Amino acid sequence: MRSSKPKVLHELAGKTFLNRVMDSVGELNPDILSLVVRYQAQRVAQAARSYNKQVTIVEQDEIPGTGRAVQCALSALSDRIDSDGTVLIVASDMPLLDTQTLQGLVDFHKTQADGATVLTTRLSDPNGYGRIIRDQDGQVLRIVEQKDATGTELKVNEVNTSVYVFDVQVLIQAISGLNNKNVQGEFYLTDALEAARSLGRVGAYAAPDPLSVEGVNDRVQLAHLAQAHNMRICEYWMREGVTIVDPTTTWIEDDVTISQDAVILPGCFLQGHTTIAEEAVVGPYTTLIDARIGQGAEVERSRVQDSSIGACANIGPWTYLRAGNELADNTKAGAFVEMKKAQIDEGSKIPHLSYVGDAHIGKHSNVGGGTITANYDGVHKNRTEIGSDVHVGAGNLFVAPVSVGDGVTTGAGSVIRHQVPDGAMVYSENTQHTIEHWQPSWERQAEDSSDQSSQE
C-alpha cells in the first residue's frame with residue numbers, strides 16, 4: 001500500500017479491512033476468535049480489540065510467512081482448542097468477505113468430510129494470486145504462489161483466496177513439517193495443503209461471488225473494489241425505491257438506511273449510520289455522516305454530522321452542521337450557516353450567514369443574517385436561550401450565557417449581553433460618526449508631497 005499504516009487498517013466504505021473481516025467471522029459464533037499480528041503488532045491489536053473485546057491476540061515471531069502465523073496461533077491456543085474441532089483461517093486483507101460465504105465453506109467442508117478445504121474463485125485476471133493445481137480427477141494437488149509458478153501453472157485462472165478450513169488434527173500434522181525453500185524464503189500455509197492431502201482429502205469450495213474474495217494489495221485495487229462495491233449498494237437502494245440520479249458520483253456506506261421515494265442527487269457521500277426518510281431530497285454535493293434526515297426534508301450542498309433534521313426542514317446550500325444538532329419539523333438552516341449542539345424548535349429559521357452554537361431557539365422564531373451566538377469565553381462553552389416567536393435583527397451578537405424570552409424583537413446590530421424578558425424590544429445604540437470629504441492617509445500624504453514639489 002506504500003503507507004505508514006498497516007494494510008488491514010486501511011478502509012473500504014467507512015470500515016477497516018480488519019473490522020470487516022472480524023465482523024464476518026464473528027457472526028459464525030466461533031468458540032475462539034484469534035488474530036495473529038506481526039507488522040505494527042500493537043497498533044493492529046488495539047484496533048482489533050476495539051472491534052471485538054473477546055478477540056485473542058497472538059504475536060507472530062520474526063520468522064515470516066502465513067504458515068508460521070498458524071504455527072504461532074496453534075502453539076498459543078493449544079490448551080483451548082478442541083482436538084476434534086475445526087479451524088477456519090482467514091486473511092484480513094479481503095474487505096468484502098461475508099459471513100454467507102464463510103458459512104458455505106464451513107458447511108461444505110463438514111459435508112464432504114475432507115481433512116482440509118480451500119476457498120477458491122476463478123478470475124479473468126489472476127495476476128498476483130496463488131494458483132490452484134488439480135489432478136486429473138479434479139482433486140486439489142497443491143497451491144502454487146505466483147512467484148514460484150511455471151509458465152503452464154500461471155495460465156490457471158482458479159486462484160487461492162487465502163481462506164481455509166482444516167480439521168484440527170490434520171492442521172497440526174500438516175504445519176509441523178513446513179519449510180521456507182521457496183523464492184520468498186517464507187513458511188507458506190499453502191504448503192500445508194500438500195501435507196494435508198497425504199493425510200486425507202483436500203477439497204475446494206468455489207466462492208459464489210468473486211467480488212467477496214478479492215484481496216487488496218495496493219491502492220489501485222482498493223479503488224476498483226470500492227467502486228464495484230459501491231455500485232452494488234446503489235443498485236440495491238434503487239431497487240428498493242430510492243432515486244439515485246447519478247450512481248457513479250454517489251457513495252453510500254453499508255450501514256446507511258434510505259427510505260422509499262427519497263431522492264439522492266449527484267455528488268453525495270452518505271456515511272456511517274445515516275438514515276434518510278421518505279421523500280427527502282439530498283444533494284447535490286452533500287455529505288451526511290451519522291445524520292438523521294426526516295420525511296420531506298431537503299439538504300443541499302451541505303455537510304451534516306451526527307445531527308437530526310426534522311420533516312420538511314430545509315438545509316443549505318453551503319451549510320455546515322457539526323455534531324449534536326436537533327432541528328425540528330419545518331425548520332431552516334440556510335446558506336452559509338454553521339451550527340453546533342443547537343436545538344431548533346418547530347418552524348424556526350436561521351436563513352443565512354450565521355453561527356449558532358450551544359443554543360436553543362424556540363418555535364417560530366427568525367434569526368437575522370449575520371447573527372452569532374458567542375458561546376466560548378476562552379475556557380467554557382456557554383449556552384444561549386432564545387424563546388419562541390422571536391424576531392432577531394440582522395447582525396446580532398448574543399454573548400453567552402444569555403437568555404431571551406418569548407415574543408422578543410431585537411434591533412439590527414444589537415449586542416445582547418443580559419437577560420431579555422418576554423415581549424420586550426431590545427437594541428444596542430451605537431453612535432454614528434460621519435466625516436465628510438474624508439481621505440485615507442496615503443492619499444493625503446500623496447497630495448502633500450505633490451504640493452511640496454510644485455512649490456519647489
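The second largest pocket holds about 530 Å³ of space, a pocket being an open set of points on a 1 Å grid over the protein atoms alone, where a 1.4 Å probe fits and protein lies on both sides within 12 Å along at least five of seven lines. Its volume is the space filled by probe spheres set on the points, which are joined across faces, edges and corners. The model is predicted, so that local features need pLDDT of at least 70 and side-chain atom pairs count only at pLDDT 80 or more, while totals for chains, interfaces and linings use all residues. Residues are numbered from 1 along each chain as its sequence is written, and side-chain values use heavy atoms, with hydrogens and water left out.

**Lining of the second largest pocket**

- The lining comprises 22 residues, and Arg20, Leu96, Asp98, His229 and Asp254 lie nearest the centre of the pocket; a lining residue has an atom within 4 Å of a point.
- Helix H1 (17–26), helix H4 (99–112) and helix H8 (219–239) each supply at least two lining residues, and H8 gives the largest share, with five residues; helices (H or I, at least four residues) and strands (E, at least two) are DSSP runs numbered from the N terminus.
- By residue class, the lining divides into eight nonpolar, five polar and nine charged residues, where Ala, Val, Leu, Ile, Met, Phe, Trp, Tyr, Cys and Pro count as nonpolar, Asp, Glu, Lys and Arg as charged, and the others, Gly among them, as polar.

**Helix H1**

- Eight of the 10 residues of H1 are buried, leaving the helix mostly covered; buried means under 20% relative accessible area, exposed over 50%, and partly exposed in between, computed with a 1.4 Å probe on protein chains only.
- The buried residues are Phe17, Leu18, Asn19, Arg20, Val21, Met22, Ser24 and Val25, and they pack against strand E1 (11–12), strand E2 (15–16), strand E3 (34–37), helix H2 (41–51), H4 and H8, with contact taken as heavy atoms within 4.5 Å.

**Annotated positions**

- An unreviewed UniProt entry places the feature "binding site" at positions including Lys7, Gln60, Asn217 and Asn366; such annotations may be inferred rather than shown by experiment, feature names are shortened, and the positions follow the numbering used here.
- Asn217 lies in the loop between strand E10 (202–206) and H8, is partly exposed at a relative accessible area of 43%, and touches Met1, Lys7 and Asp93 when residues up to four places away in sequence are not counted.

**Backbone features in loops**

- Gly316 and Pro317 are joined by a cis peptide bond with omega about 5°, and Pro317 is in the loop between strand E23 (314–315) and strand E24 (320–321).
- The peptide bond from Ala400 to Pro401 is also cis, with omega near 5°, and Pro401 is in the loop between strand E34 (397–399) and strand E35 (402–404).
- Tyr285, a residue other than glycine, has a positive phi near 50°; it lies in the loop between strand E17 (281–282) and strand E18 (287–289) and counts as exposed at 52% relative accessibility.
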